[in-house]
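Look at the sequence and the structure below before reading on. The paragraphs that follow go from a pair of helices to a core, then to domains and chains.

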Amino acid sequence: MKQFLHILKWEFLNLVKAKAYIITTVIFVVIAIVGFSIPTIIGGIGDANAETAVVDQDTEKKVYAVYDPTQFLDNAEDTMKLYLPNVTFEYKDSVKAIKDMVEDDKADASIEVKANGNFTYYVKNNSLTDSSPYVLQELFSQIKRNHAFEDAGIDAKQVMDIYYGNTVNVNTVSLGVDGTNSMIYTFPLIMLIYMVVVLYGNIVATTVASEKGNRTMELLVTSANPNALIFGKVIAGVLAAILQVGLMLGVCVVSYSLNRESWGGLLDSILNIPIEILLSFAVFGIFGFIFYAFIFGAIGALVSKSEDVNSSATPMTFIFLIIYFVVYFGIMIDPNGAMFTIASMVPLSSPMAMFARMAVVDVPLYQVIISLVLLIGSTILVGIAAAKIYRRGTLMYGNQIKLSHAIKWLRKKD
Amino acid sequence: MKLEIKNIHKSFDGTEVLHGVSFYATDGSALGLLGRNGAGKTTTIRILMGVFHANSGEVLLDGAPFDPKLHKIGYMPEERGMYPKKKVMEQLIYFGELRGISKHEAKANATKLLDKLGISEYTNRKLETLSKGNQQKVQLVQTLINNPQIIILDEPFSGLDPVNSQMLKDLIEEEIQNGKLVIFSSHQMGYVEEFCKDVVILNKGNVVLKGELRSIQKEYGDQKLILNANGMTTQELANMLSQQMVECITIVEVRKDYVIFEMLENYDKKYIAKKLIDMEIDIDVFGDYKPTLTDIFVMKAGDVE
């Protein structure tokens with residue numbers, strides 16, 4: 001145990017004192033602090049309650065050129081003012097005239113009214129965020145309805161008063177899990193686990209392999225227990241990852257909280273993660289990471305030089321990528337389906353899938369417990385297997401050891 | 001203290017590499033473990049160190065099963081390697097701690113040994129910036145850092161210049177004087193002859209020779225003589241001897257400098273000398289054969305090239 005602690009300390013300090021680790025952390029922290037402060041610096045992001053934002057919208061005057069040969073818009077000024085209070089309508093007598101106004105920047109957009117109130121909307125540069133056509137469509141439909149009421153001899157104003165004066169409110173209470181909201185934080189968290197496993201998995205594999213490459217292994221295996229060695233390395237990798245990710249997330253949360261006013265609470269929904277989801281994310285994430293770190297550690301023990309780690313780790317990384325997509329699309333398409341339920345139970349995918357499933361559907365507690373027990377059990381088994389492979393693999397130099405060979409070792413006593 | 005290896009068998013993937021190896025070493029003296037590449041020296045040492053388990057056989061210390069974890073052992077592997085990018089002192093302390101001594105003790109011992117080997121100026125330098133010889137000295141400091149009772153050195157002299165070799169030799173002598181048990185594996189027979197009271201020669205996983213070096217040398221030189229003559233090559237001399245003295249000698253070996261031959265039973269040196277004079281050979285060298293360790297090694301382990 002004492003040996004394990006010495007190894008853990010040595011490996012952990014090696015990782016966190018590495019230049020790459022420090023530089024990445026510092027760069028991320030700086031970007032996060034600056035990024036979250038930008039709205040404060042430039043004066044805030046739009047918000048329904050923020051007064052400045054409303055005034056901005058109000059002052060933006062627009063001019064629409066209109067060609068209305070059918071006189072559809074006659075006597076509709078009140079309705080038009082109601083829908084588009086900031087727009088001034090300029091009437092022209094040809095399609096060309098209204099198009100020219102748009103092209104010459106004299107009008108923001110132009111409208112050619114056709115039979116039955118159908119219309120063509122001309123704009124210079126169409127953009128995805130321009131909602132004007134929809135507002136106009138709504139406006140023209142209303143005008144058309146008004147004409148219809150008039151033709152039928154009904155007082156349009158009275159109808160509208162009844163129509164808008166009688167609405168009801170709906171209050172949705174989710175008795176299980178509010179899936180719509182939780183998607184917002186589920187995806188970033190799944191991606192976080194994916195990135196941590198791939199990045200740190202490779203780091204763990206490299207630290208194991210490098211000692212074979214420079215033959216320090218000869219001294220290590222005669223000075224310390226191999227189990228203490230591999231467990232020390234893997235746990236050190238896990239701690240370094242938790243420290244880095246924790247620091248990064250912490251800085252994000254703190255800098256967002258400090259600048260929350262300027263953000264207008266835009267990201268509140270991401271931060272409002274229920275405690276049980278956060279807890280299952282942490283527990284499944286950490287055990288999942290240890291599970292994969294052991295696999296990557298064993299991969300490192302199978303190669304002779306750290307240069308070979310990448311090629312040997314690729315199949316594992318690829319499998320993990322597929323699992324990532326299964327979880328990602330599983331939660332998007334059918335979180336209640338059998339596939340996603342299985343994914344949340346199997347140790348290979350449960351680190352990403354279980355907390356995600358808990359976030360969007362109501363998962364029975366017994367399933368969570370079974371999944372966690374399976375994950376912890378497999379982590380222990382993988383740890384023992386990795387230690388065995390490490391023991392045998394550490395002193396084998398030269399050719400890469402075949403996987404089939406390594407599996408044979410697991411069954412043998414060494 | 002007597003460290004005994006008893007009838008060790010070891011197989012890797014179905015191929016047996018050690019076929020019943022037995023020998024022992026005692027404190028206050030050095031044992032030379034000799035053998036060609038692949039003879040099984042490193043495997044034997046690793047079994048001794050507990051890195052591998054033997055398929056059968058046992059390692060005993062004073063008659064009781066030997067657990068390397070319970071004893072202070074210093075090991076210098078043939079494949080040298082420490083952390084190239086770490087500072088010398090930093091990693092010496094780490095290895096000291098792994099081998100069960102406190103940080104404080106490790107630091108004190110390392111300082112003393114670095115000073116003794118004349119490399120204290122490199123204490124805070126990264127290992128990779130040191131010359132090969134100095135890196136090897138750091139390895140030796142690592143080996144001795146926990147003041148081990150048992151010291152195992154695998155090819156300690158490879159890569160050292162004569163001055164550094166002398167320094168290392170003095171240090172090892174000192175350890176032997178201090179009553180340490182030293183196992184010394186090498187191809188460099190000269191050093192083994194200087195240090196080791198006892199030798200074990202391994203060949204293809206078998207012990208082909210073991211015992212006290214002096215008596216082995218005496219035994220192997222027993223009844224053997226060397227002869228060189230002026231005016232002819234050693235080959236011509238050997239041919240002549242085997243024709244004219246076939247009743248009293250057999251040729252053992254023809255070397256560049258002399259011929260080695262063995263006297264048959266009932267013949268002695270005096271008789272042979274008389275006979276040689278009768279043959280009117282112009283004798284250049286004549287005397288007892290004193291085999292070097294190299295001779296014995298080649299004889300015992302040099303059968304297949």
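At roughly what angle do the axes of helix H14 (residues 309–333) of chain A and helix H16 (residues 350–360) of chain A cross? In this predicted model, the two axes cross at roughly 5° and come within 10 Å. Angles under 35 degrees count as roughly parallel, so H14(A) is roughly parallel to H16(A). In general, two packed helices are described by the angle between their axes and the distance between the axes.

The residues that make this contact can be picked out on each helix. H14(A) contributes A:Tyr324, A:Val327, A:Gly330 and A:Ile331. From H16(A) come A:Met352, A:Ala353, A:Ala356 and A:Val360. Sorted by class, the contact of H14(A) with H16(A) has 7 nonpolar residues, 1 polar residue and no charged ones.

Next comes the interior. In soluble globular proteins, nonpolar side chains tend to be buried together. Here the largest nonpolar core has 137 residues, and the members that touch the most others are A:Ala293 and B:Phe184. Helix H13 (residues 275–302) of chain A gives the most to this core, with 15 residues. What is A:Ala293 in contact with, leaving aside its neighbours within four places in sequence? Its partners are A:Tyr200, A:Gly201, A:Val204, A:Val234, A:Gly237 and A:Val238.

Chain B can be read by its domains. The domain assignment gives domain 1 (2–211) and domain 2 (222–301) of chain B. Taken over C-alpha atoms, the centres of domain 1 of chain B and domain 2 of chain B are separated by 40 Å. The contact between them takes 12 residues from domain 1 of chain B and 7 residues from domain 2 of chain B. On the domain 1 side, the elements that give two or more residues are strand E3 (30–35), helix H6 (189–195), strand E9 (198–203) and strand E10 (206–212) of chain B. That side of domain 1 of chain B has 8 nonpolar, 2 polar and 2 charged residues.

The last step is the contact between the two chains. It takes 17 residues from chain B and 14 residues from chain A. Which element gives the largest share of the side of chain B that touches chain A? Helix H2 (residues 88–98) of chain B does, with 4 residues. By class, the side of chain B that touches chain A divides into 10 nonpolar, 3 polar and 4 charged residues.

Methods
Residues numbered from 1 in each chain as written. Chains lettered and ligands numbered in written order. Predicted model: local features only at pLDDT ≥ 70, side-chain atom pairs only at ≥ 80, totals over all residues. Domains from an automatic or database assignment. Contact = placed C-beta atoms within 7 Å. Nonpolar A, V, L, I, M, F, W, Y, C, P; charged D, E, K, R; others polar. Core = buried A, V, L, I, M, F, W, Y, C linked by C-beta atoms within 7 Å. Buried ≥ 20, exposed ≤ 12 C-beta atoms within 10 Å, placed from the backbone. Axes fitted to C-alpha atoms, helices over the stretch in contact; angles between N-to-C directions. Parallel < 35°, antiparallel > 145°, perpendicular 65-115°, else oblique.
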